[in-house]
Amino acid sequence: MSVYTPLSHRQLAAVLDGYGFRLRDYRAASHGIENSTFLIEAEDRHQQPAPLVLTVFETLTHAALAPYLVLLAHLAEQGLPVPAPLTDHGGQDQITVAGKPAVLMPRLPGEHDFAVDLDRCRQVGALLAQLHQCDTGALQTLPGERQRLETLASHLDQLPDDHREGARALLSDWQARPTGTTLIHGDLFRDNLLWQQGRISALLDFYNACLDYPEYDLAVTLNDWCVDRNGKPVAEREQALLAGYRESGGQVDDSLLLEALAVAALRFWLSRLAGPVSEHSEGQGSKDPEEFARIFQWRIAALAG
């Protein structure tokens, strides 16, 4: 788990009271590395069970968070399995907890399940295609992935000598491209999906969402779902995910995808080298950079070959 802002039972009870819920129990979420997330068992005003999620944001300000919440409500209205923010007694969809922005949401059904098979890969591809065809109007005020990549470029000097210049050139070429105009999730790792009876029941964590190329979103996803423990691409999984994507109306530029796979691997290698959000986190913290170093080696070799 990762909790950078621990909260007491009393603090959480006070938060829920502002929404008309009574706290029964809670625990820290077992996945995620950027924010503090609490899984809550509560009762509503009719004493009915109300499973909830409270997220305390460690880096986003209230102003920066606002457009993401608009996006979540927008996507929920369009039928995607995403949690829309709840509003408190004052009609606000975000509050302040321990001096930081926080959002309370309903906890959608399902559980994390990290198993990977061809059917699940196909479902993930189909979900991405559905997302990529959504209206992008709610995203005009969000920061883009290009801004995050520009910030991460300061960590290129931490790469091994034999990768540094190639990675710098790759990133420079990518950043020189015009930004895409498709709504992307930007972080569709296995820990951002819930499953129920073998089907996707929830898509979580939209705080990397922005407008860019669908191939980049596919690349981020393929680099988590479709590689083995050594970072080597698993062709059957890739084919299943891309088949699900195309069957649901998605279109793919294969040459752009090849470059995006290397850029996405580099992006997460650099972000893990950048370290955890806080030195005082409890639990998981930043994940192993070497995982994406291995994936990058496979992807850059494929691009060069």
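A disulfide is a pair of cysteine sulfur atoms within 2.5 Å. By that cut-off, a search of this whole predicted structure finds zero disulfides. Cys121 shows why: its sulfur is 4.2 Å from the closest cysteine sulfur, in Cys226, too far for a bond. Cys121 is also buried, with a relative accessible area of 0%. Cys134 is in no disulfide either; the nearest cysteine sulfur, that of Cys210, is 15 Å away. Cys134 counts as buried too, at 8% relative accessibility.

**Confidence**

The mean pLDDT of the protein chain is 92. Of its residues, 93% reach 70 or more. Residues 277-285 have a pLDDT below 50. Beyond near neighbours in sequence, that stretch makes 26 contacts in the model. Where pLDDT is low, the predicted coordinates should not be read in detail.

**Cores**

The largest nonpolar core has 70 residues. Leu75, Leu193, Phe206, Leu218 and Leu266 have the most contacts inside it. Helix α8 gives the most to this core, with 12 residues. Apart from it lies another core, of 19 residues, including Phe21, Ile40, Ala42 and Val56.

What does Leu193 touch, leaving aside neighbours within four places in sequence? Its contacts are Glu111, His112, Val124, Leu127, Leu188, Ile200, Ala202, Leu203 and Trp225.

How many of the 12 residues of α6 are buried? The count is 12 of the 12, so α6 is largely enclosed by the rest of the structure.

Helix α9 covers residues 289-304, 16 residues in total. From first C-alpha to last, α9 reaches 22 Å, close to the 22 Å expected. Asp288 caps the N-terminal end of α9. One of its side-chain oxygens lies 3.0 Å from the backbone nitrogen of Glu290. The buried residues of α9 are Pro289, Phe292, Ala293, Ile295, Phe296 and Arg299. They pack against α5 (161-176), α6 (214-225), α7 (235-247) and α8 (254-273).

**A buried loop residue**

Phe189 lies in the loop between β7 (182-184) and β8 (193-196). Is Phe189 buried or exposed? Phe189 is buried, with a relative accessible area of 6%. Leaving aside neighbours within four places in sequence, Phe189 is in contact with Val220, Asp224, Trp225, Phe268, Arg272 and Phe292. Phe292 is one of the buried residues of α9. Phe189 and Trp225 are 36 residues apart in sequence, yet 7.2 Å apart in space, C-alpha to C-alpha.

Most residues other than glycine have a negative phi. Gln47 has a positive phi, near 65°. Gln197 also has a positive value, about 55°. Gln47 is found in the loop between β3 (36-43) and β4 (49-56). Gln197 is found in the loop between β8 and β9 (199-203). Both glutamines count as exposed.

The table gathers relative accessible areas.

| Residue | Relative accessible area | State |
|---|---|---|
| Cys121 | 0% | buried |
| Phe189 | 6% | buried |
| Cys134 | 8% | buried |
| Gln47 | 63% | exposed |
| Gln197 | 80% | exposed |

Note on methods: Residues numbered from 1 in each chain as written. Heavy atoms only, no water. Helix = DSSP H or I, 4+ residues; strand = E, 2+ residues; numbered from the N terminus. Expected span 1.5 Å × (residues − 1). Buried < 20%, exposed > 50% of the residue type's maximum accessible area, 1.4 Å probe, protein only. Contact = heavy atoms within 4.5 Å. Polar contact = N/O pair within 3.5 Å; in protein donor to acceptor, adjacent residues only side chain to side chain. Core = buried A, V, L, I, M, F, W, Y, C linked by side-chain atoms within 4.5 Å. pLDDT = per-residue confidence, 0-100.
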